[in-house]
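These are my notebook entries on one protein model. I set down what I looked up, in the order in which I looked.

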Amino acid sequence: MARQSNADRLSSYRKRLDYARNWRKNESYDNLWQRMINLYRGRQYRGQAVGDRLLVNIAFSTINTLAPSVAIGRPKINVNPRRPEDGDKAVVTESIINYWWQHYECQPQFQLAVKDYLILGHGWVKTGYRFVEEEKTKDIEDSADEAADPSKPADDVESDFIIREDRPFLERVDPFDMYVDPDATSMDNARWIAQRTRRTVKDIKNDQRYDYSARKDVGPSSYNRYGDAGTTPNFYTTEISGQEDSYADIYEYYDINTGEMSVFSDSGDKFLIKPIKMPYVFGHPFFMLRNYDIPGFFYPMGELEAIEPLQYELNETRTQMMNHRKRYSRKWLALESAFDDFGRQMLASDDDNVIVPVKGSENLNNVVVPMPALINPPEFYNQSALIQNDIDRVSGVSEYQRGAIPETTRTAREASIIAEAGNARVAEKLVNIENAIARCAANLIMLAQQYLTGEQTVRIVGTESAPVWLTFDRDYIAGEFDYSVEAGSTAPRNEAFRRDMALQIVSAMQPFAQAGLVNMSKLAEYVLTTGFGVKNAAQFLQAPPPPPEEMAPEGMPLGMEGMPPGMEGMPPEGMLPQELPPQGPAGLEGLPPEILQLLLAQGQQQPPM
């Protein structure tokens with residue numbers, strides 16, 4: 001079979017993107033996602049307002065109740081080795097990935113993807129590697145000296161470069177910019193995936209990573225950064241805006257079946273980056289967070305799609321109640337001939353205890369009578385509470401989770417049952433979030449194993465007041481590992497509950513402490529750190545006094561009787577020299593020698609307590 005030319009492949013890729021774009025449009029996915037975003041941000045009314053309209057944004061409350069419950073905390077990522085020889089490296093890798101997650105702004109990007117996951121039903125996260133170097137600037141005198149040096153030819157002058165960034169990264173991708181195979185029902189059977197990036201034509205033409213002839217042929221497709229793809233507003237022209245204000249769409253296309261990736265624009269007949277093998281060992285760099293899966297459909301449901309009609313009904317009901325209150329005003333029917341101008345003025349006055357003169361001899365009961373008012377039934381005002389109960393039932397977010405005080409008095413047992421039922425959905429989302437973080441952490445480490453060029457420094461152990469730093473390269477993290485997230489580390493932590501759990505651990509460990517099986521200083525440090533948030537708990541503790549030395553009857557230390565002179569310092573019979581107990585601080589066996597030396601040096605530098 002003849003090999004397909006690049007022009008034919010480019011045409012095929014663009015047809016696939018058009019097919020995916022039309023599929024999303026025909027299925028109204030783009031319209032649905034935009035409605036969900038407007039529902040969250042409070043733009044729920046469409047069209048011109050005829051009168052006053054009221055909006056009670058329960059959708060906003062629902063999302064901001066669930067999001068902190070699953071992704072407010074910084075995760076504690078655990079790394080476990082797959083092979084025995086990688087055990088020491090797993091300790092270093094775990095410290096590195098947790099340090100990177102905090103200092104490389106991974107958490108804010110992941111939280112944005114969680115918002116997409118809750119509002120739209122899915123979110124996209126991309127992992128990649130960023131290497132940026134800049135040419136080092138030299139002084140004018142140094143440059144002149146180098147140019148005047150006859151022993152150094154001009155061709156041999158080497159430029160100095162400064163590495164600005166040499167690290168993996170994680171970022172959130174806008175769901176509107178992601179295109180997938182329309183025939184897929186999940187990421188497992190997707191044949192291709194692509195990301196759209198809108199850039200100015202000027203930046204594309206100056207980007208040295210792209211093919212020279214291809215980037216010179218890129219033309220504008222839009223003069224608005226947020227305009228529709230492939231369309232140009234009629235009120236803009238190239239003469240007015242110019243090339244600097246024009247935009248073009250760049251597609252980063254991954255063919256999963258062939259294992260190739262390429263980059264091209266929506267104009268021109270050449271690839272900006274010709275199809276090459278996927279640069280990452282794990283394939284394409286995208287991970288999809290999926291909320292409520294629908295069998296047979298690729299895109300899942302979000303939290304707001306099910307409560308959308310109830311949200312509109314609640315707004316309509318509250319608007320009707322507001323308008324009814326405005327229309328309610330007392331009116332009086334008065335006999336016009338019974339009052340002169342002064343009498344009518346006094347009748348309409350707000351003053352108290354005034355005299356209203358009445359002309360003629362009409363019966364006063366027939367002169368002024370109240371106008372009958374139309375009173376809505378009391379059940380009308382209960383509709384709002386009924387709709388809110390329906391929203392809580394559909395969303396699974398109870399009034400306790402929203403922080404509201406229930407109108408119905410319940411026992412502690414009833415409240416506990418309601419809270420546990422509401423936490424079932426949150427627990428499911430927590431598992432999804434933790435699995436996604438573990439997957440992203442694995443990708444970040446694999447990227448560093450593949451592309452890390454130099455040495456970096458990371459804080460591996462120790463507290464904020466006494467950190468221990470390690471300089472490492474990619475040999476330190478070379479290995480095969482399993483990644484997991486400590487359960488509940490991304491959820492908010494209740495201070496009272498955390499202290500109560502720490503004290504319960506102390507109570508549960510009492511029998512073991514009495515048997516001498518517990519390191520009491522470590523237990524006390526754990527209680528102070530975990531239960532009460534003390535950052536440097538070791539400074540409050542001191543080493544326990546040594547036990548009193550027991551003496552044998554003859555005055556010889558116990559255990560030394562019967563030994564020949566000169567053999568008191570030898571190990572007991574049956575223990576060879578290589579079987580001596582390990583030296584050094586307890587709990588540090590198995591660490592790499594470099595880390596062990598750092599820890600020992602750190603311990604020697606600490607002042608005595």
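Helices (H or I, at least four residues) and strands (E, at least two) are DSSP runs, numbered from the N terminus.

**Entry 1: provenance.** I noted that this is a predicted model, in which local features need pLDDT of at least 70 and side-chain atom pairs count only at pLDDT 80 or more, while totals for chains, interfaces and linings use all residues. Residues are numbered from 1 along each chain as its sequence is written, and side-chain values use heavy atoms, with hydrogens and water left out.

**Entry 2: the chain as a whole.** I recorded 17 helices and 14 strands in the protein chain. Of its 609 residues, 33% are buried; buried means under 20% relative accessible area, exposed over 50%, and partly exposed in between (1.4 Å probe, protein chains only). The accessible surface comes to about 37500 Å², with 52% of it belonging to carbon and sulfur atoms; the areas come from the Shrake-Rupley method with a 1.4 Å probe, and for residues only the protein chains shown count as cover. Contact means heavy atoms within 4.5 Å. Among contacts between residues at least 6 apart in sequence, 69% join residues at least 24 apart.

**Entry 3: the sheet 3-2-9.** I found three strands in an open sheet of the order 3-2-9, with antiparallel pairing. Strand 3 (161-173) and strand 9 (286-290) are its edges and have a single partner strand each, so one side of each is left without a neighbour in the sheet. Neighbouring strands here are turned by 20° against each other on average, direction ignored. For such angles, axes are lines fitted to C-alpha atoms, for helices over the stretch in contact, and angles run from 0 to 180 degrees between N-to-C directions. Twelve bridges link strand 2 (residues 122-135) to strand 3 in the antiparallel sense, and Val125 has Arg172 in strand 3 as its bridge partner. Helix 5 (residues 106-119) packs on this sheet and touches strand 2, strand 3 and strand 9; its direction makes about 20° with that of strand 3.

**Entry 4: the sheet 4-5-6-7-8.** I then followed five strands that form an open, antiparallel sheet in the order 4-5-6-7-8. Its edge strands, strand 4 (178-180) and strand 8 (273-277), each pair on one side only.

Is strand 6 (residues 247-255) buried or exposed? Nine of its nine residues are buried, so strand 6 is largely enclosed by the rest of the structure. Tyr247, Asp249, Tyr251, Tyr253 and Asp255 point one way from strand 6, whereas Ala248, Ile250, Glu252 and Tyr254 point the other way.

Strand 5 (residues 192-200) is joined to strand 6 by nine bridges, and Trp192 stands opposite Asp255. On the way to strand 7 I counted six bridges from strand 6, again antiparallel, with Tyr253 opposite Ser262. Strands 6 and 7 form a hairpin with four residues between them, and Gly259 in the turn has a positive phi of about 70°. Strand 7 (residues 260-265) is joined to strand 8 by three bridges; there Val263 stands opposite Ile273.

**Entry 5: nonpolar cores.** I took a nonpolar core as a set of buried Ala, Val, Leu, Ile, Met, Phe, Trp, Tyr and Cys residues joined through side-chain atoms within 4.5 Å. The largest has 93 residues, and those with the most contacts inside it are Trp101, Phe110, Val114, Leu289 and Leu304. Its largest share, 13 residues, comes from helix 14 (residues 412-451). A second, separate core of eleven residues includes Leu17, Tyr179, Trp192 and Phe271.

Leaving aside neighbours within four places in sequence, Leu304 has contacts that include Met36, Leu39, Tyr40 and Ile119.

**Entry 6: helix 4.** I checked the length of helix 4 (residues 87-103): at 1.5 Å a residue its 17 residues should span 24 Å, and its end C-alpha atoms are 25 Å apart, which agrees. The expected span is 1.5 Å times one less than the number of residues. Buried residues of helix 4 include Ala90, Ile97, Trp100 and Trp101. Just after helix 4, Glu105 takes a positive phi of about 60°.

**Entry 7: two single residues.** Arg9 lies in helix 1 (residues 6-26) and, at 11% relative accessibility, counts as buried. Beyond four places in sequence, Arg9 touches Gln4, Glu260, Phe271 and Pro275. Glu362 is partly exposed, with a relative accessible area of 44%, and is placed in the loop between helix 11 (341-347) and helix 12 (364-367).

Key:
Two strands pair if DSSP finds at least two bridges between them.
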